[in-house]
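Subject: Structure handover

Hello,

Here is the structure you were going to take over.

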Amino acid sequence: MATNFLKKPTAMVDDGFDQYLGLPESGFSIFLAERTKKVHFIRHAEGFHNVATKESGSNECLLRGDAPASDHPLYDSRLTQKGINQAVSLRDHLATRPSGARSFTAFDLVVVSPLTRTCETALHVFGAPRKPGAPAFLSGQDAPKTSAEYRAGIQVPAPRFLVKEECRERWGHYVCDGRRSIQEIAAEFPDFDFSEVIHDEDAFYSDQRESDDDCCERAVKFLEWLNARPEKCIAVVTHSSFLRHLFGQFGGNLHNEDMKDLQRLAGNCELRSIVLCSHGTKDGKKVEPLRSSIAGPASTIAMSSSYGSMTNLQEMAMANEE
């Protein structure tokens, strides 16, 4: 299911680049190569919360009831064995997917949502990360065993895993979208780099769902941050609703089938690769890390079994998004 968050079908307001997609009748876009980078978005593999909503037919199993959200068995849900297998399958696919001058796809940086299921997915897809602070030339690892590079004894640097709160799932309301403390998560994933996470406890989760507008704005700010990174080939391990709010803002000038392909709901452990092209208007802009104005424990207010004016049909659709 594609969700369209497009606000304007033409160039961005005040970007000073009215013809950024070229002449409308040409069917092409031209950007300077140095303003582009490949970003490979990956939705997390199957989690226990995905199974629970599928089996129950609704999202009510993700509501915390009268107890604190962190006491719920699906809080910050983990991967199932099927999910682990999905991640291993994607790793095998990347090992035979040519990219650049290599016979496999290698990444300069892996950006990871701080939720447990995305950290698990990243670890199973990409293997052990480079230790924080270690230079690439001291972090060599064997190329995939099926590759010509492996047979030639060529090593490649392990990617750095950088955890960013900005690409976490649309937060609130559902227990699976809260997270444990960073102290607890970092102990389980010791070589992940958590240096850009501001809050130890989850300062964003509450009984209220993050609004569509706020999630869309957060997604675009995340693109600004990606654009400022020096790496040219980046993987982002994230969530379906976050991707829906990100991609739903783009594609208005694409062929209809391409727009549908970009905006459709991502499946578990699906890889969706894009080229991020900067107009140059926001290059050099400092992107502040995500902070909460109210940092405190998760709410203990009881939640009802429905959310605002959301219809039952919408709740069913959301069951596969978390």
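Of the contacts in the protein with a separation of 6 or more, 81% are between residues 24 or more positions apart. The model is a predicted one, and its secondary structure consists of nine helices and seven strands. The protein has 322 residues, and 47% of them are buried.

Confidence

Mean pLDDT for the protein is 83, with 82% of the residues at 70 or more. Two stretches need a caution. Over residues 9-21 pLDDT stays under 50, and the model has 20 contacts beyond four places in sequence for them. Over residues 295-319 pLDDT also stays under 50, and there the model has 44 such contacts. Where pLDDT is low, the predicted coordinates should not be read in detail.

Strand β6 covers residues 233-238, and six of its six residues are buried. Cys 233, Ala 235 and Val 237 point one way from the strand, while Ile 234, Val 236 and Thr 238 point the other way. Residues on both sides of β6 are buried. For Cys 233 the relative accessibility is 11%, so this residue counts as buried under the 20% cut-off.

Strand β6 runs parallel to β1 (residues 36-43), and six bridges join the two. In that pairing, His 40 is opposite Ala 235. Strand β2 (residues 109-112) also pairs with β6 in the parallel sense, over four bridges. Here Val 112 is opposite Val 237.

Helix α6

Helix α6 takes up residues 212-228, which is 17 residues. From its first C-alpha to its last it reaches 25 Å, close to the 24 Å expected at 1.5 Å a residue. Its buried residues are Cys 215, Cys 216, Arg 218, Ala 219, Phe 222, Leu 223, Glu 224, Trp 225 and Leu 226. An α-helix has 3.6 residues a turn, so residues three or four places apart point the same way. The elements that cover the buried residues of α6 include β1, β2 and β6, along with β5 (160-163), α7 (240-247) and β7 (271-277).

Which side chains does the side chain of Arg 117 meet in polar contacts? Arg 117 is in helix α3, residues 116-126, and its side chain makes a polar contact of 3.3 Å with the side chain of His 44. Another polar contact, of 2.8 Å, joins the side chains of Arg 117 and Asp 177. Arg 117 has a relative accessible area of 0% and is therefore buried.

Glu 120 is in helix α3 as well. Its relative accessible area is 12%, so Glu 120 is buried. Leaving aside neighbours within four places in sequence, Glu 120 is in contact with Arg 78, Leu 79, Glu 188 and Phe 189. With Leu 79 there is a distance to note: a polar atom of the Glu 120 side chain lies 2.8 Å from the backbone nitrogen of Leu 79. Glu 120 and Ala 45 are 75 residues apart along the chain, and their C-alpha atoms are separated by 8.7 Å.

Cysteines

How many disulfides does the structure hold? The number is zero. A disulfide is a covalent bond between the sulfur atoms of two cysteines.

Backbone angles to check

Most residues other than glycine have a negative phi, and most peptide bonds are trans. His 173 has a positive phi, near 75°. This residue is found in the loop between β5 and α5 (182-188), and His 173 counts as buried because its relative accessibility is 3%. Cys 269 likewise has a positive phi, near 60°. Cys 269 is found in the loop between α8 (256-263) and β7, and at 9% relative accessibility it counts as buried.

Regards

How values were computed:
Residues are numbered from 1 along each chain as its sequence is written. This is a predicted model: local features need pLDDT of at least 70, side-chain atom pairs count only at pLDDT 80 or more; totals for chains, interfaces and linings use all residues. Side-chain values use heavy atoms; hydrogens and water are left out. Buried means under 20% relative accessible area, exposed over 50%, partly exposed in between (1.4 Å probe, protein chains only). A polar contact is a pair of N or O atoms within 3.5 Å; within protein, one must be able to donate a hydrogen and the other to accept it, and residues adjacent in sequence count only if both atoms are side-chain atoms. Two strands pair if DSSP finds at least two bridges between them. The expected span of a helix is 1.5 Å times one less than its number of residues. Contact means heavy atoms within 4.5 Å. A disulfide is a pair of cysteine sulfur atoms within 2.5 Å. pLDDT is the predictor's confidence in each residue, from 0 to 100.
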